[in-house]
Amino acid sequence: MRDLLEKIFNGKKSGLDPLVPENVWPAPPAAEGEKKLRSAAVLVPLIDYDGGMKVLLTQRTETMPDHAGQIAFPGGGLRKGEISPEETALRETQEEIGLVASKIKILGRMNARDTGTGYRVMPIIGIIQPPLSLTPDPSEVAKVFEVPLEFIIDPVNHRLETRSESGRSREYYVLPYNEYYIWGLTARILVELGKILRKA
């Protein structure tokens, strides 16, 4: 699987679709009358166990101001002086779960996503060789857990649900795994990763 992932992403920034406007990162200034997007990046951490890869995910604390209690990748907003989404994702990963950049091999980027909460998020694929030594920040991270990559790849595990907001209904992906309800941006990224790997 590692060889396949390295072949797919090949260290390229731009295994990215040039026709996807979200792939301009940081997000450009907003047009008049539009809300400015905040630029962010997340690490999609793939742990390379002998028995198969697993995706590392976190559950945010209930006290977080944004997305409290939700399942997420380590990541967050661009800070002044950072010049790439890789830099942002690696810094946030170390701050949130104590995993240092030297333990992570960056493979490449997935297509960025704009969120309803006003972020443009660039997912960065990284491989980690076990064993892991993690120190989650208790103010941000309630739990750290792993999901087999095989589970993510299998479309049987991708469920579409409908939610009504402000009188409008929208569909969104859900990946229920054990007691965890993975939805929102995290589920969208995982579903896309599954599609990429099934096509390879």
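Select Arg-109 and Glu-86 to begin: their side chains are joined by a polar contact of 2.6 Å. A polar contact here is a pair of N or O atoms within 3.5 Å; within protein, one must be able to donate a hydrogen and the other to accept it, and residues adjacent in sequence count only if both atoms are side-chain atoms. Arg-109 is part of strand β5, residues 104-109. Helices (H or I, at least four residues) and strands (E, at least two) are DSSP runs, numbered from the N terminus. With a relative accessibility of 10%, Arg-109 counts as buried. The cut-offs are under 20% relative accessible area for buried, over 50% for exposed, and in between for partly exposed (1.4 Å probe, protein chains only).

A word on what you have open: this is a predicted model, where local features need pLDDT of at least 70, side-chain atom pairs count only at pLDDT 80 or more, and totals for chains, interfaces and linings use all residues. Residues are numbered from 1 along each chain as its sequence is written, and side-chain values use heavy atoms, with hydrogens and water left out.

**Thr-88**

Now pick Thr-88, in helix α2 (residues 85-97). Is Thr-88 buried or exposed? Thr-88 is buried, at a relative accessible area of 0%. Show the Glu-82 side chain too, and you'll find a polar contact of 2.7 Å between it and the side chain of Thr-88. Contact means heavy atoms within 4.5 Å.

Pro-26 sits in the loop between α1 (2-9) and β1 (38-49). Most residues other than glycine have a negative phi, and most peptide bonds are trans.

**Asn-178**

With phi in mind, jump to Asn-178, a residue other than glycine with a positive phi, near 50°. Look for Asn-178 in the loop between β10 (168-177) and β11 (180-183). Asn-178 is exposed, with a relative accessible area of 63%.

Step along to Tyr-181, in strand β11. Which side chains make polar contacts with the side chain of Tyr-181? Glu-161 makes one at 2.6 Å, and Tyr-172 makes one at 3.4 Å. Tyr-181 also touches Ile-71, Arg-159 and Val-174, not counting residues up to four places away in sequence. Ile-71 is 110 residues from Tyr-181 along the chain, yet their C-alpha atoms are separated by 7.3 Å. Tyr-181 is partly exposed, at a relative accessible area of 34%.

Next, select Tyr-173, in strand β10. Tyr-173 is partly exposed as well, with a relative accessible area of 25%. Leaving aside neighbours within four places in sequence, the contacts of Tyr-173 include His-158, Leu-160, Ile-182, Trp-183 and Val-191. Try the distance tool from Tyr-173 to Thr-93: they are 80 residues apart in sequence and 24 Å apart in space, C-alpha to C-alpha.

**Gly-118**

Another stop is Gly-118, in the loop between β6 (113-114) and β7. Gly-118 counts as buried, with 7% relative accessibility. Its contacts, leaving aside neighbours within four places in sequence, are Lys-36, Leu-37 and Arg-38. Draw a line from Gly-118 to Glu-150 and it covers 31 Å from C-alpha to C-alpha, for 32 residues of sequence.

**Zoom out**

Now bring back the whole chain, with its four helices and eleven strands. Its radius of gyration is 16 Å, close to the 16 Å that the globule rule gives for 200 residues, so the chain is as compact as a globular protein of that length. That radius is taken over C-alpha atoms, and the rule is 2.2 Å times the number of residues to the power 0.38. The C-alpha trace spans about 50 × 40 × 40 Å along its principal axes. Buried residues make up 47% of the 200. Of the contacts with a separation of 6 or more, 63% are between residues 24 or more positions apart.
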